[in-house]
Amino acid sequence: MKYITGTYALNLPSALGTPGDWHQSALNWEKPRYLDTDDSVFGDWGIEDGIAPGLGKVKKANHIRACLDLIDEGYYSSAQGMRKDFIDEEQYTNEVFIKVSLLKNRPNWDEIDRFMGREYLCDWLDYKELVGL
């Protein structure tokens, strides 16, 4: 299933109640970023219905999934601030860690690990020790 993700999904409301991003008018909504759930380790987890400017009803990533997609693709600068700015709900931290752990066999795992360390500091280190990452 094709869905809108990345910074585009971060600029649409999410059923999670997370803040996301706030630069919707700066994006070209004629060409939003789409991915396919069939090509992702996350499958259809975190995909929800939404409304996009000029597109109407769409399938889109929730804010956590949008951040995970950015991380998976190596767009760390776009995902920067995910913990405090885009998600800002500590209740989702463990879920984020579990989903990021699915990326452990990616060739860019070292970069993903460094990114998570910068975003989540000791919480990420404690989680990795707990699960043996």
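Analyst: A residue is called buried under 20% relative accessible area, exposed over 50% and partly exposed in between, with a 1.4 Å probe and protein chains only. The model is predicted, so local features need pLDDT of at least 70 and side-chain atom pairs pLDDT 80 or more, while totals for chains, interfaces and linings use all residues. Residues are numbered from 1 along each chain as its sequence is written, and side-chain values rest on heavy atoms, without hydrogens and water.

Across the whole structure there are eight salt bridges, each a side-chain nitrogen of Lys or Arg within 4 Å of a carboxyl oxygen of Asp or Glu. One of them pairs E48 with K60, whose closest N and O atoms are 2.8 Å apart. The two residues are twelve places apart and belong to distant parts of the chain, E48 to strand β3 (residues 47-52) and K60 to strand β4 (residues 56-61). Strands here are DSSP runs of E with at least two residues, helices are runs of H or I with at least four, and both are numbered from the N terminus. E48 counts as buried because its relative accessibility is 14%. K60 is also buried, since its relative accessible area is 1%.

A second salt bridge joins K59 and D49, with 2.6 Å from N to O. Because K59 lies in strand β4 and D49 in strand β3, this pair ties together parts that are ten residues apart in sequence. With a relative accessible area of 35%, K59 is partly exposed, whereas D49, at 58%, is exposed.

The salt bridge between R65 and D69 lies within a helix. Its closest N and O atoms are 3.0 Å apart. Both residues are in helix α2 (residues 63-72), and because they are four residues apart, about one helical turn separates them. R65 is buried at 0% relative accessibility, and D69 is buried at 3%.

For context, the largest nonpolar core has 36 residues, and I71, M82, V96 and M116 have the most contacts inside it. Helix α6 (residues 109-131) contributes the most to this core, with seven residues. Such a core is a set of buried Ala, Val, Leu, Ile, Met, Phe, Trp, Tyr and Cys residues joined through side-chain atoms within 4.5 Å. Helix α6 also holds L130, which counts as exposed because its relative accessibility is 72%.
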